[in-house]
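Subject: A structure for you to look through

Hello,

Here is the structure I promised to pass on to you. Please open it next to this email and find each part as you read.

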Amino acid sequence: MDRSDKANGTKMTCCFPVSFDRSMRGSFKLSKSSSSDKLLKGTGSPRSPRVEKRGSQKKSPLVVCFGELLIDFVPTVTGVSLAEAPGFKKAPGGAPANVAVGIARLGGSAAFIGKVGEDEFGRMLADILKQNNVDNSGMRFDPNARTALAFVTLRADGEREFMFFRNPSADMLLQEAELDTNLIEKASIFHYGSISLIEEPCRSTHLAAMEIAKKAGCILSYDPNLRLALWPSEEAAQKGIMSIWNQADVIKISEEEITFLTGGDDPYDDNVVLKKLYHPKLKLLIVTEGPEGCRYYTKEFHGRVSGIKVVAVDTTGAGDAFVGGLLNILASDPDLYKDEKKLQEALGFANGCGALTVTEKGAIPSLPTKEAVLRALEKNTA
């Protein structure tokens with residue numbers, strides 16, 4: 001997890017570095033989302049209407065997010081362990097779903113593919129996506145498994161504590177035959193994590209979805225989102241995460257994930273990143289450093305973005321907001337990584353998304369609009 005996940009207490013200073021001068025602001029024009037007009041019902045058929053043949057025209061800026069959607073139970077008071085919590089409040093969770101909502105909140109086009117239980121929580125989650133202008137037609141409902149649950153708290157020492165209920169949960173049971181192939185094919189970006197690689201049949205479904213996206217010319221975006229508590233062992237986690245590493249076009253990782261994946265190497269050493277994690281087919285590698293900002297690596301250049309300060313209330317979802325901010329821009333400008341100035345501008349905006357998200361409680365409720373991010377960046381450079 002990023003350093004933004006480690007803040008102490010309920011009033012912390014969090015800095016998301018961003019470089020955003022006045023000449024850059026014109027690139028972020030405000031526009032209203034039209035994605036709400038395109039929503040399909042979550043109980044739709046596995047196949048959406050056939051899209052144009054590949055190569056017939058430029059792809060739409062749709063981002064399809066694949067993976068887990070669950071209910072987080074968060075203590076009603078902060079700074080306590082799960083055992084000490086007097087009560088819990090339910091909230092929608094799951095990194096890929098958070099990214100989808102983040103994109104839609106910014107006015108972009110996003111869809112989610114995953115599986116939940118045919119239960120009250122599953123229906124609630126489908127409705128939340130729909131209410132947030134995310135296409136939920138790729139969701140499936142399992143009558144024989146429950147929607148996944150996670151109990152999450154930020155302890156007084158700043159560490160997050162997780163307890164998952166997945167034995168198995170519906171998200172682990174998505175099958176290849178249930179994939180909305182046409183939805184994937186019309187996307188410009190296919191985004192995913194590593195949690196869907198842990199168990200079958202979801203692992204095979206994940207790999208099949210990646211292959212469909214790759215053949216359709218989608219940009220493959222990967223955020224491992226390491227959750228060791230869900231893997232059988234650290235060795236299994238490292239092997240599983242790296243098993244699809246060389247297929248991604250864009251990867252976002254944290255400092256802690258670098259240390260884990262490299263066996264303890266210095267996460268701040270550019271040579272470690274370039275030699276051990278940057279593969280020949282990769283277009284862009286982002287290292288998020290929470291309050292310290294982020295680094296970027298491409299074949300041609302690498303550097304760091306600088307930024308704004310906020311008072312952090314809840315760091316949940318900050319990384320997902322960052323990813324959503326970046327992918328929303330990349331979907332409309334797939335060659336963004338080739339222009340360093342434009343890339344810095346996009347990462348500055350993404351950092352702004354992450355910064356605003358930590359100023360309120362909850363992931364999805366605190367995901368910002370484009371207008372809010374631009375106002376924060378304007379204020380920072382005034």
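This is a predicted model: local features need pLDDT of at least 70, side-chain atom pairs count only at pLDDT 80 or more; totals for chains, interfaces and linings use all residues.

Residues are numbered from 1 along each chain as its sequence is written, and side-chain values use heavy atoms, with hydrogens and water left out.

A word on labels: helices (H or I, at least four residues) and strands (E, at least two) are DSSP runs, numbered from the N terminus. Two strands pair if DSSP finds at least two bridges between them.

Nine strands make up an open sheet with mixed pairing, in the order S6-S5-S2-S9-S10-S11-S12-S13-S14. At its edges are strand S6 (135-142) and strand S14 (302-305), each of which pairs on one side only. Neighbouring strands here are turned by 15° against each other on average, direction ignored. (Axes are lines fitted to C-alpha atoms, for helices over the stretch in contact, and angles run from 0 to 180 degrees between N-to-C directions.)

Within this sheet, look for strand S9 (residues 189-192) and strand S10 (residues 219-222): they run parallel and are joined by four bridges. Tyr192 stands opposite Tyr222 in S10.

Helix H7 (residues 270-277) packs on the sheet, where it touches strand S11 (250-254), strand S12 (284-288), strand S13 (294-297) and S14. Contact here means heavy atoms within 4.5 Å. The direction of H7 makes about 45° with that of S13.

Strand S7 (residues 149-154) pairs with S8 in the antiparallel sense over six bridges, and Phe151 stands opposite Met163 in S8.

Now find helix H2 (residues 120-131). H2 lies across strand S5 (109-117) and S6, running at about 175° to S6.

**Salt bridges**

Side chains of opposite charge can pair when their charged atoms come close. A salt bridge is a side-chain nitrogen of Lys or Arg within 4 Å of a carboxyl oxygen of Asp or Glu. The structure holds eleven of them. For each residue below I also say how accessible it is: buried means under 20% relative accessible area, exposed over 50%, and partly exposed in between (1.4 Å probe, protein chains only).

- Asp142 and Lys115 meet through their side chains (3.3 Å, N to O). Asp142 lies in strand S6 and Lys115 in strand S5, so this pair ties together parts that are 27 residues apart in sequence. Asp142 is buried at 9% relative accessibility, and Lys115 is buried at 5%.
- Lys283 and Asp249 form a salt bridge (3.1 Å, N to O). Lys283 sits in the loop between H7 and S12, and Asp249 in the loop between helix H5 (234-242) and S11, so the pair ties together parts 34 residues apart in sequence. Lys283 is partly exposed at 25%, whereas Asp249 is buried at 12%.
- Arg304 and Glu289 form a salt bridge (2.5 Å, N to O). Arg304 is in strand S14 and Glu289 in the loop between S12 and S13, 15 residues apart. Arg304 is partly exposed at 47%, while Glu289 is buried at 2%. Salt bridges that share partners join Asp270, Glu289, Arg295 and Arg304 into one network.

**Two crossing helices**

Lastly, the axes of helix H9 (residues 340-357) and helix H10 (residues 370-381) come within 9 Å and cross at roughly 100°. H9 and H10 therefore count as roughly perpendicular; the cut-offs are under 35 degrees for roughly parallel, over 145 for roughly antiparallel, 65 to 115 for roughly perpendicular, and oblique for the rest. Among the residues that meet here are Phe349 and Leu356 in H9, and Val373 and Leu377 in H10.

Enjoy exploring!

Best wishes
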